[in-house]
Amino acid sequence: MSALAWFAAAFVACVAVYLVASVPGAWFPSATTQSYGARALAAVAGAGTLDGDAIAITAVDASGTAVIRANTDFRSADYPIVAWTGFGFAEDADVRFLWRTDYAPSKINSVPVSVVAGRLAPIVLAKNADWVGRITGIALAVRGPIAEPPHIVGVEVKPGGAKGQIADRFREWFAYEPWSGSSINTVTGGAEVQELPLPTLLVIALVIAAAGWGALAWRKHRLAALPAAIAALFVVAWALLDAQWAANLAHQLADTRARYGGKDWRERHLAAEDGPLFAFVEKARAKLPATPVRVFVVADAAYFRGRGAYHLYPHNVLFDPFRDTLPKASSLKPGDYLLVYHRRGLQYNAEEKKLRIEGGDPISAEAVLVEPGAALLKVL
Amino acid sequence: MDALALLVAALLPWWLGVALLLVLRRRLADRPGAAAWTIGAGYLAGAFLLTVWMRVVSLAGVAFSVWIVALPLAAVAAALTAIVWKRNRSEPRTRDLGLDLDGASRVLFYVMLAWIALRFAMLGIEMLSRPLYPWDAWTQWATKARVWYELGRIAPFVRQDAWLAAQGAAYFDASPEYPPTMPLLQVWSCLVLGRWDDTLMNGPWWCIGVALTLTVYGGLRSLRAGALASMVGAFLVASLPLANVHVALAGYADLPMAAYYTTAALALLRWIDRRALSDVACALLLAVACTQVKNPGWFWAATLVPGFIVARWPRHGVRIAFAGFALALLVLVALARFKFRIFNYDLALNYAPAWTDLAESYFLLGNWHVLWYGAIAAALLAWRSLLSPALAPLTTIVAGGLIFLFVVFGFTTASFYISDQTTVNRATLHLAPLVVVFTVLAWQAFARRWSAAHAQAPATAG
């Protein structure tokens, strides 16, 4: 038996052991997964608004809680797994899954939900004593305060089973991971929430395969080849992971091509995430002198401050990369410019040509360019 | 036209660096992997020298232009090429073959080569399609490139207070104290393109990725790894997901840092192995380059010193090196008592690394495939060879690198970046390609020892 065959057998054995340990309820259930999208969900405490295909939790109620609910009617025994899909949850957020049953209709049951990388981990309820009878309603409770609104895309109740578990794991391993702000720092390798990381599984299979192959080789006095066999298995494990990564890259290439293909430098920037900001800065640049001048850039979001400044170079820009601050009035000199992009706290009186920064003394300034939520002012 | 410009922008530093290394070397192909080594290390050396020349030009008050930058360097490269050509005409021809492979090994070798080629094709297309994307790239690196390209000279970047006081004479970005090497390479690309283009200017990142892969292959070959083992090393480096991201989303200095550091270490190991002038010159040049690519490069370059000590004084070198590590740690502890600040990180004695998050990053997520499992296994299985004369310098350098990472993430404010999975992986990227080299060579040492022991077993039993 070749080392590769040992590896394949060990991998299958590992998956089998995982299934034995993890399948909640029946191995071959007859029920099928039930999904509830954002439109089937409603905020019953706090406030939630539809944002694309998700509900954004925008506020909590007086008790500091927001609750998003779905009306359901299924047998608890058929559906031991509940998986909420969402993003933007703080790592230390207090999130709980709530449900009501026909067995004890007045009682609201709850369990905590783990947040991993801003997303919600699935909940297994097979052994929960309160997961009984028919489930007449499920909900997600988030305790505030809420700085950035977390989003809930939907919820699935799953029958589990061997097939379902394997399908879920494969979905996690091969989930598309598009570029994001964190890509430069970390590569997840599939879905952000993974119950069984593929690298670990492959290494366990490799160790078992090496032991098995080694034992056989020892009996046949071929043990000298063991390092080569292990090295080959290591490269195979690496290549399997890399194939997943390559498929992800290919998917990303197609996305990038769809967004930027056939465009020149300027059109690409207009098509980028900060396209509206780039367009505004282009107009602002046209109003600025040809030789570099001092420009203070302010915006609520660090992203817009940094990008706004970047698009303005080689003008001599100043922005706060880390905090949402405004320049002191005393630091603004005649001839300086102030580029404001989605920033509260500034008042401009066009008639008097006066600019007031966060209630400070007014300074003389002229509006050079004004658009909704954005302006370029020249200090006089 | 842009494609031609990009080609020229890449070829000039490549030509310069390769010609320089060939002049320093006695023969064109003196051992297996020489060609790959020379091409890879040549680009890194040439690119760094190009930026040094740009600094000289700026210091002299001459405005940047393609010709001002390119002509003198092309003249130097041509002169070096002439010397090499003349010298090699009078010497017997040598061939750089060394593909001692047959059957399945040969097929595997070419499959991995094709895999690497496909990967770099994909990365190149992605990199040349997307406007500058990652955060620090447009808050602290390309900021300098844009200003220097438009002004035609290196203008100073300063912190906020100094900027306010300078009345327009100095510029500001998120990290004004960062070294100029990578922004100058972007300026060079734009000079050749004839316009500011923050997509195409990132060509050097792709070239650096290719150069790193070539130096790992060539370096391993010259350190007596087999052709297949060396190709495995190159394949592992070329397919490291986080390294790939840093080519596709170019603009950070972490991949260049990794390339310069790995190649400097490999050049040092080559010098230890055969004491050739070209290798020590290459090691010194690239170690200096490390300090000019990113500020932590000073520390990375310092980790090469223990490797040199171990090689220079084989009898007591290991003890001296590890005593040096201990002394350095003591000094850091002493400095931490005074709240010492170094490169914007506060040294502190509140040792609390986030081990769980670190383990997640190294072993569970997709950053490194199974690199760290392999490196630990290789170190454990080859432990009896790790301090042998052949491996001790590399072991010491890698140990120094790991200690550096441990100190940074255990004793400075950077420990925060483990739990949010940010700087921890980028700092690890600096060392990761050298860990690949270590894994391959340590495994090879284990395999030799094991095979020698077990090849005799049947005969003894019989």
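This is a predicted model: local features need pLDDT of at least 70, side-chain atom pairs count only at pLDDT 80 or more; totals for chains, interfaces and linings use all residues.
Colleague: Let's turn to the strands. What is the order of the open sheet of 5 strands in chain A?

Modeller: The order is β2-β5-β12-β7-β8 (chain A), and the pairing is antiparallel.

Colleague: What makes β2 and β8 of chain A edge strands?

Modeller: β2 (42-45) and β8 (109-112) of chain A each pair on one side only. Going from one strand to the next, the twist averages 30 degrees.

Colleague: How do you know that β7 and β12 of chain A pair?

Modeller: Strands count as paired if at least two bridges are found between them. Strand β7 (residues 94-101) and strand β12 (residues 134-143) of chain A share 8 bridges in the antiparallel sense, so they qualify under that cut-off. As an example to look up in the structure, Asp94(A) has Arg143(A) in β12(A) as its bridge partner.

Colleague: Is the crossing of α1(A) and α4(A) left-handed or right-handed?

Modeller: α1(A) passes α4(A) in a right-handed crossing. On the α1(A) side, Ala3(A), Leu4(A) and Phe7(A) make the contact, and α4(A) brings Ala229(A), Ala232(A), Leu233(A) and Val236(A).

Colleague: How do the residues of that contact of α1(A) with α4(A) divide?

Modeller: There are 7 nonpolar residues, with no polar and no charged ones. Ala, Val, Leu and Phe are among the types that count as nonpolar.

Colleague: And how many residues does each chain put into the contact between chain A and chain B?

Modeller: Chain A gives 51 residues and chain B gives 56 residues. Elements of chain A with two or more residues on the side that touches chain B are α3 (198-219), α4 (226-260), α5 (265-271), α7 (302-312) and β15 (316-318).

Colleague: Which element gives the most to that side of chain A?

Modeller: α4(A) does, with 18 residues. The side of chain A that touches chain B divides into 31 nonpolar, 15 polar and 5 charged residues.

Note on methods: Residues are numbered from 1 along each chain as its sequence is written. Chains are lettered from A and ligands numbered from 1 in the order in which they are written. Two residues are in contact if their C-beta atoms, placed from the backbone, lie within 7 Å. Helices (H or I, at least four residues) and strands (E, at least two) are DSSP runs, numbered from the N terminus. Axes are lines fitted to C-alpha atoms, for helices over the stretch in contact, and angles run from 0 to 180 degrees between N-to-C directions. A crossing is left-handed if the near helix is turned anticlockwise from the far one by less than a right angle, and right-handed if clockwise.
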